[in-house]
Amino acid sequence: MLLAALRAGPASRAALASRTGLTRATVASLLDPLVRVGVLVEETAAPAGPGRPARPVGFGPRSPVAVGVSIEVDAVVAGASGLDGVSAGRRRVPRDHRALTADAIYAGAAEVAAGLAAELGRPVLGTGLALPALLSGTPDDTVVVRAPNLPALDGTRPTLSPAPAPTPRRVLVGNEATFGALAHLDVAPDLIYVSADVGIGGGLVVDGRVLRGTRGFAGEIGHVVVEPDGPACGCGGRGCVEQFAGRDALLATSGCADLAALRRALERGEPSAVEAVRRAGTALGVGLSSVVNVVDLPVVVLGGLFAELVPHLLPAVEAELATRCMGHPPERVVASRHGDAATVRGAAEAVLAEVLADPDRLLEVPDPARVRMEP
């Protein structure tokens, strides 16, 4: 409760007692051990009247972080978030995974995650590992059921070990879009999150919790069928949203070599680019209307590539939603403010949520700056 209250910013012990309803003695007994280990720091007191000035307590500049790492089809992205929820760093390493073995893919992700942790030089609470795949099992024993765009991962147990030091202490494995949805819990308690890169993933948030389904497969919006006799999809079906609105489909239809070229073509109003994005928006709107008709969620958040293309994509999406939704269309369709960083942010937040639920773990995290490195 106290750590959650401190996410809003530094506060004195008296102010924290007022916010939480705890006594000042209880607040002090809970916070003082975290001050001693450097998780929290006391800031300089600012006089505000007679009497002894209060010293605000806040998260320290070397307080622990959680790392999120996302294995994408052609890159590894890592990001770190502090206990205050503020981004502490991010790096993206281009790497085409389609021709690599599963071991090589996981080893590369471990290297990027460890590199970011070493660069920050702060204690690491754990890592959230995001995959573009259907997953089964538990967070501690996860199996990749199917990764349509990275079939080398099928049947594997994801790992970030062995990895270069400093290694994360705990690894939480999850679907990339599920983690992306977690990054938007402050947008609305009930929403649909859909994100595009090479593939398209989605997440459903109901009452502030991500709906995973009984087997963890919920949210595969990219594989909602919009044209039964359409192009073959890597999932084994045909005519999925991904085959019309995924990155490869957009580039092929527009005739652009890459996303930068597509953006330039859209700025110039080139008909082939405009039509490609309109076609993608139509397919996405058709797919989303089916989802809305089933789950009745009022907000849609567009992430990844979709967030970049919102000005050009949104009219077609909203037109289909307005036409096809049985009741009311969503109240809002908005671009993710996190862009392509939503997945790693959500993965890190999943780790932080575990820590906030069990804050005694903060007393056990070694600070790398205090650990003697053997030659």
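I start with a term: two strands pair if DSSP finds at least two bridges between them. This is a predicted model, so everything here is computed from it.

With that in mind, look at strand β11, residues 200–206, which is joined to β12 by three bridges. The two strands run antiparallel. One of the residues involved is valine 206, whose bridge partner in β12 is arginine 209.

That pair belongs to an open sheet of five strands, in the order β12-β11-β10-β13-β14, with mixed pairing. Which strands stand at the edges? They are β12, residues 209–211, and β14, residues 332–335. Each has a single partner strand, so one side of each is left without a neighbour in the sheet. From one strand to the next, the twist averages 25°.

Now the helices. Helix α9, residues 271–295, lies across β10, β11 and β13, and it runs at about 155° to β10. For reference, β10 covers 191–196 and β13 covers 299–304.

Helix α9 also meets helix α11, residues 310–324. Two packed helices are described by the angle between their axes and the distance between the axes. Here the axes come within 7 Å and cross at roughly 35°, and the crossing of α9 and α11 is right-handed. On the α9 side, the contact residues include Val277, Ala280, Leu284, Leu288 and Val292. On the α11 side, among them are Leu313, Ala316, Val317, Glu320 and Arg324. By class, the residues of this contact divide into 10 nonpolar, six polar and three charged.

Terms used:
Residues numbered from 1 in each chain as written. Predicted model: local features only at pLDDT ≥ 70, side-chain atom pairs only at ≥ 80, totals over all residues. Heavy atoms only, no water. Helix = DSSP H or I, 4+ residues; strand = E, 2+ residues; numbered from the N terminus. Axes fitted to C-alpha atoms, helices over the stretch in contact; angles between N-to-C directions. Contact = heavy atoms within 4.5 Å. Left-handed = near helix turned anticlockwise from the far one by under 90°. Nonpolar A, V, L, I, M, F, W, Y, C, P; charged D, E, K, R; others polar.
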